[in-house]
Amino acid sequence: MRLSTLGFIASEAVQNVRRNPVMAMASITTAAISLLILGVFLLVSVNLNLWTHTVEGQVEVEAFFRPHTPARAEAAAVSAVRRWRGVQAVSFVSRAQVLRSMRREYGSVLTALGNHNPLLDEMNVKVYRPRDVRAAVLRLRRMPAAAHVTYQSRVVERLFQLGSLVRMGGIVFAALLALGALLVIHNAIRVAIFARRREVAIMRLVGATDGLVRGPFLLEGTLLGLAGALVAVIVVGVGYHWAMTVVQRSLPFLPLAPIERVVPDLLEVLGLGVVIGYIGSRLSLRGLMRG
Amino acid sequence: MIEFLGVSKVYPGPVEALRNVTFRIDKGEFVFLVGPSGAGKSTILRLIHREERPSQGMILVNHHPLNKLRRRQVPFLRRQVGMIFQDFRLLPDRTVYDNVAFSLRVQEASPREIRRRVPETLDLVGLGHKAQVFPQHLSGGEQQRVALARALVGRPPILVADEPTGNLDPETAAEVVRILLEVNRRGTTLLMATHAKALVDSVRRRVIALDHGVVVRDDAVGAYDVEA
Ligand SMILES: Nc1ncnc2c1ncn2[C@@H]1O[C@H](COP(=O)(O)OP(=O)(O)OP(=O)(O)O)[C@@H](O)[C@H]1O
Ligand SMILES: [Mg+2]
């Protein structure tokens, strides 16, 4: 296809939009709203993922030895656990070390204890993957030397569940809205085809190929979708930037995904806008090409 | 150039619009298609342009059998057959120049070709000086000449006209037919459906007469009615 033909298609598409600005605005707005909501859901889920991983990285299982367990038995237990599948590292911390570090941290409060040390020897078990936590906990509990076992995996599980819930809910909700946007664009293009029925008839009359008759409408629909997506991405991007500064000021311990990390998601939203516009107009053209 | 072999056309209804129509039009001919309203004139023209397909029989345009034509090839057939109508069918929001250029643009001609051929064709129909005018500021005869320029600008070897003078007063009609004769003189094969008795009688070209979908007369040098 020649460049001048592409130019022709583009100028016809622009004329369509100019002739029916209200329809174009409605299409862009609905596409923007649905994609905006999708964008928000995506960003929330990205951050939930990030938090899950952050908490996950901190996951350690702590096993406390029964009082008066012989040092040899404790050492044997440590080296046994080291050989377990899924275990990344095991470190032994004696009750004396724990007390020393607590003294350093809390100082005089603990002087009341005198020479008495009420603490237990412990080992910290790090696993590779969060799903190994539970198995490690169960096995540790079965060890005769273990007094009790604690872990933080509850939080991780909850975050995981929340993350996938947000993702699923977001996808379903946004899919419905995207369908709405698609239908609005579909309708806009049907109106455009009706408004341009004279042109279409003359194009056919003088021997335009189907591709050329369709071109302006496909381009128009695609541009409407893209415009809606651009609005959504800009609003979401600016909003996220603003949220980051607010969060950093008031909740500095809360890690947030940096803008660069969410760029792929924003690009996905942009791509989805194009797809919605293209499919919407494509549907409108089915009838046009018959007869 | 155009050949009908035993062509019948039945519209849903059913309406039998054409019955076993056979004729041949050679390159360079100028042919009038006459007959009472509903005789099937427009149906023949639409069949040539592949807007309709025959129920039976065979049609050849430019030696190509239309029944073998694929959908994708239809646009290229239409570039071979220019068409004008009683109601002009111009685009009201485009100038005369753009109406004519539109045709070449959708045929994917180069910008240089468009710049060369549009003024040339407007001159041929005598409208070179009205290039930047909008159709609603033109007389009926001028509008039909714009439509004619649009049909001719792609240089089709065949021109088909469906009552092109139907909306025009006799004087303007004569002017349009004069241009059609000039176009034909330059080599374009011409088929014109008409009710304009006076015109047909004065021009004295081949006349194919239809009645109720049947060819009732085909005179090499004919008149509108059967000559006494
Ligand atoms: N799309 C259609 N569906 C059904 N019947 C049709 C259709 N087009 C034409 N006809 C019928 O076919 C017959 C021939 O119509 P056609 O338009 O070819 O006649 P015509 O000779 O051009 O008439 P006119 O001089 O009034 O233009 C008529 O009876 C008409 O009613
Ligand atoms: Mg007719």
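Guide: A helix here is a DSSP run of H or I with at least four residues, and helices are numbered from the N terminus. The model discussed below is predicted.

Visitor: Which residue follows H4(A), and is its phi positive or negative?
Guide: Helix H4 of chain A covers residues 95-106. The residue after H4(A) has a phi near 60°. That residue is Gly107(A), and its phi is positive.

Visitor: How many Å does helix H4 of chain A reach from its first C-alpha to its last?
Guide: The helix has 12 residues, and the span expected at 1.5 Å a residue is 16 Å. The expected span is 1.5 Å times one less than the number of residues. The reach computed for H4 of chain A is close to that expectation, at 16 Å.

Visitor: Which element gives the largest share of the shell around ligand 1?
Guide: The shell holds 13 residues, and Lys41(B), Ser42(B) and Thr43(B) are among the closest. Two elements of chain B give two or more residues to this shell, namely strand S2 (15-25) and helix H1 (41-48). The largest share, 4 residues, comes from H1(B).

Visitor: What is the distance between a polar side-chain atom of Thr43(B) and an oxygen atom of ligand 1?
Guide: Several side chains of chain B approach oxygen atoms of the ligand. For His195(B), an N or O atom of the side chain is 2.8 Å from an oxygen atom of ligand 1. For Ser42(B), the corresponding distance from a polar side-chain atom is 2.7 Å. For Thr43(B), the distance is 2.5 Å.

Visitor: What percentage of the area that ligand 1 exposes when taken alone does the protein bury?
Guide: The residues of the shell divide into 4 nonpolar, 6 polar and 3 charged. A polar side-chain atom of Ser42(B) lies 2.7 Å from a ligand oxygen. Taken alone, ligand 1 exposes 630 Å², and the share of this that the protein buries is 64%.

Visitor: Which helix gives the most to the lining of the second largest pocket?
Guide: This pocket has a volume of about 260 Å³. Its lining includes Glu120(B), Thr121(B) and Leu124(B), and by class it has 4 nonpolar, 2 polar and 3 charged residues. The helix that gives the most, with 3 residues covering part of the range 111-124 of chain B, is H4.

Visitor: Where does Arg155(B) lie in chain B?
Guide: Arg155(B) is one of the residues that line the second largest pocket. Most residues other than glycine have a negative phi. Arg155(B), however, has a positive phi of about 55° although it is not a glycine. Its place is the loop between H5 and strand S7 (158-162) of chain B.

Visitor: Which element supplies the largest share of the lining of the largest cavity?
Guide: The structure holds 3 cavities of 30 Å³ or more, and the largest has a volume of about 80 Å³. Its lining has 13 residues, with Val206(A) and Arg78(B) among those nearest its centre. Helix H2 (74-80), strand S6 (81-85) and helix H5 (140-152) of chain B each give two or more residues. The largest share, 3 residues, comes from S6(B).

Visitor: What is the volume of the second largest cavity?
Guide: The lining of this cavity includes Asn16(A), Met23(A) and Leu224(A). Helix H2 (21-57), helix H6 (153-195) and helix H8 (210-250) of chain A each supply at least two of its residues. By class, the lining has 5 nonpolar, 2 polar and 1 charged residues. The volume is about 40 Å³.

Visitor: Is the peptide bond that joins Gly13(B) and Pro14(B) cis or trans?
Guide: Most peptide bonds are trans. Pro14(B) lies in the loop between strand S1 (2-11) and S2 of chain B. With omega about -5°, the bond between Gly13(B) and Pro14(B) is cis.

Visitor: What is the phi of His212(B)?
Guide: His212(B) lies in the loop between strand S9 (206-211) and strand S10 (214-219) of chain B. The residue is not a glycine, yet its phi is positive, at about 45°.

Key:
Residues numbered from 1 in each chain as written. Chains lettered and ligands numbered in written order. Predicted model: local features only at pLDDT ≥ 70, side-chain atom pairs only at ≥ 80, totals over all residues. Heavy atoms only, no water. Near = heavy atom within 4 Å. Polar contact = N/O pair within 3.5 Å; in protein donor to acceptor, adjacent residues only side chain to side chain. Areas by Shrake-Rupley, 256 points an atom, 1.4 Å probe, with all protein chains shown as cover. Nonpolar A, V, L, I, M, F, W, Y, C, P; charged D, E, K, R; others polar. 1 Å grid on protein atoms, 1.4 Å probe; cavity = no way out; pocket = protein on both sides within 12 Å on 5 of 7 lines; lining within 4 Å. Points joined across faces, edges and corners; volume = space filled by probe spheres on them.
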